[in-house]
Each structure stands twice: as structure tokens, then as C-alpha cells.
Amino acid sequence: MAVMVEAPAPQTAEVTDRAKHERRLGLMLSAPAFLVMVFVTAYPLLYAVVLSLYNYRLTDPEGREFVGLGNYATVLTDPVWWTDFSTTFLITVFSVAVELVLGFAFAFVMYRILRGRSVVRTAILIPYGIVTVVSAYIWKYAFQLDSGFINQWFGLGDFNFFGQRWSALFVIILSEIWKTTPFISLLLLAGLVQVPEELQEAARVDGATAWQRIKRVTLPNMKAAIMVALLFRTLDAWRIFDNPFIMTVGANKTETLSFLAYRQNVTLVNLGAGSAVSVLLFLTVVVIAFIFVKGFRTDLSQVRGDR
């Protein structure tokens, strides 16, 4: 004899209506901010895309000519673009990698220290409170031949750090690490405090070593925080402008992509090519964000608790 299985009762209309009402309320509340964001970000972007399709110099507005994708072809076949791309890539990779390691160390110190916690946290965060331009001048004066003290301290004689590419990049990366490591350590500290202490205690009882607890318990539970820290910092490093502009003015192949866009748009007033560089820079940012989100495969809504 077949057993009749009753279908589960549908959800009550009251719950469904409430969910719909909350959804409509959320859309209504977020709509003004969304429209403002679209106006602020979408319009300049679309205008830059339009300008990039023209051969247009601000000094010759009458000579404006539609060239289609010609500006993109010119930029992508120019060795300057690829040199600046490699410079930006090197600065981003080395600075973010070192900052991640130091950020973890600072986050553990700020999390575990019992005495003088506020003093330690304040001391670690001081560099991030300094304006980037001021920080760039500090590092520039420290490494300059006439005003710097680094050569005297380390017995480097007349070695000019800003006179060649690699030593100049070393100073730029060093200043980036000093300035923004506190930012990464703050984000990692936020993730560290969310790791359940019960899991740490259970692993300790099972005989796990400190490294095993970090590898098997701490890091997996900090995946979302690590992704956010790396994503924010990578995008920030990828658009670096201040330090190369202050320290080297882009000399000795230290120009970055943001610097190239600035030089084309502002210095050379070549709005067509400059807009093409800006659009390409935007596309690289989108690709980086996509790689991080897909690579980490982290659902931030679950971390927030919206399961």
C-alpha cells in the first residue's frame, strides 16, 4: 500500500509579505545613495570613454577628430605603457606582500598584548595617520644626497638612491610599506578577533602546535578579512601616484600608470590618449578585483551572518 506523503505546508502569507515589505524598504532607502554613486562615478567614466575615442588636445579644440579605438592601439603598442605597467606591477606585488606579512605580525601583537595595548596600537597606527604627500617628502629628504642621513648612517658615500631605477623603486616601495602596513594590520586584527576562541582551545587540547593552530584554525577563519585587506591594499597600490611624483617625478623608469594618465591629461593636455590610459587603468582595476573575489571564493554575506 502506497504511503501518501503530504507536501510541506507553504510559508504563511504574513512572513512573505513582511519579507517583500523589507525588500521594498531596503530598495527605497538605498536608491538615493545608489543614484548619487551612479552620477558621481558613471558620468566621468562614460565621458572618459567618449573622449578616448577622439584625437583631442585641449590646446586645439577645433582639431578634434574621431579615431575610434586608435588611441587604445597607440597606447598599447607604446613601450612607455608596458614600462609603466611593469613598474606599477613591481611596486604593487612587493609592497603588498611585505605589508601582508608585517600586518599579520602587528595584528597578532595588538591582539595578544595585555599591558600597554592602547600605546602599542597607537604607535603602530601613527604612520597611517600621516598624509601621503608628507610621508613621501619625509622619505625623499631622508634618502637625498644633500639633505638625507641614510648614506651617512650606513656609510654609502655619494650613492644616489634616486639616480637609478631599482634603488629609487626600493625607496618608493619602502615608503609604501611604512605608510600603509597599519591599514592592513587593522583589517587583519578585525578578522583575528572574530576567530572563535573555542576552536583555538579545542585545537590546543588536541595537541596542535602554534603553527598548526595558525594554519588550520586561524587562517581559514580569517579568509574574508584577508581577502578584503589584500583587495583594498592591492587596488590602492595599483593606483600609486604620490610617492613617484614627489620622489622622482617619474624619472629613471619609475613612472606608474596613474602618473602616465596624469602626464597625458594634465601636462600634455592630450585628452584623447590620456582618457584611453585612464580607461585602461580602470579595466585593470576591474580585472584585479574580479581575480581576488573569484580566487578567494568567499561569500561576505555569510561572514556577516545572512545565511
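Predicted model: local features only at pLDDT ≥ 70, side-chain atom pairs only at ≥ 80, totals over all residues.

Tutor: Residues are numbered from 1 along each chain as its sequence is written, and side-chain values use heavy atoms, with hydrogens and water left out.

Student: At what angle do the axes of α12 and α13 cross?

Tutor: Helices are DSSP runs of H or I with at least four residues, numbered from the N terminus. Axes are lines fitted to C-alpha atoms over the stretch in contact, and angles run from 0 to 180 degrees between N-to-C directions. Here the axes of α12 and α13 cross at roughly 160° and come within 7 Å. α12 is therefore roughly antiparallel to α13, a term for angles over 145 degrees.

Student: Which residues of α12 and α13 make the contact?

Tutor: Contact means heavy atoms within 4.5 Å. Among the residues involved are Leu 257, Leu 260 and Ala 261 of α12, and Leu 271, Val 277 and Leu 281 of α13. By class, the contact of α12 with α13 has seven nonpolar, six polar and no charged residues. In this scheme Ala, Val, Leu, Ile, Met, Phe, Trp, Tyr, Cys and Pro are nonpolar, Asp, Glu, Lys and Arg are charged, and the others, Gly among them, are polar.

Student: How many residues are in the largest nonpolar core?

Tutor: In soluble globular proteins, nonpolar side chains tend to be buried together. A nonpolar core is a set of buried Ala, Val, Leu, Ile, Met, Phe, Trp, Tyr and Cys residues joined through side-chain atoms within 4.5 Å. The largest one here has 35 residues, of which Trp 81, Leu 188, Met 222 and Ile 226 touch the most other members. Its largest share, eight residues, comes from α13. Leaving out residues up to four places away in sequence, Met 222 touches Phe 104, Leu 188, Gly 191, Leu 192 and Val 195. A second, separate core of 17 residues includes Phe 143 and Ile 240.

Student: Is Gln 200 buried or exposed?

Tutor: Buried means under 20% relative accessible area, exposed over 50%, and partly exposed in between (1.4 Å probe, protein chains only). Gln 200 has 6% relative accessibility and so counts as buried. Gln 200 lies in helix α8, residues 197-205. Apart from neighbours within four places in sequence, Gln 200 is in contact with Val 195, Arg 213, Val 217 and Thr 218.

How values were computed. Helix = DSSP H or I, 4+ residues; strand = E, 2+ residues; numbered from the N terminus. Parallel < 35°, antiparallel > 145°, perpendicular 65-115°, else oblique.
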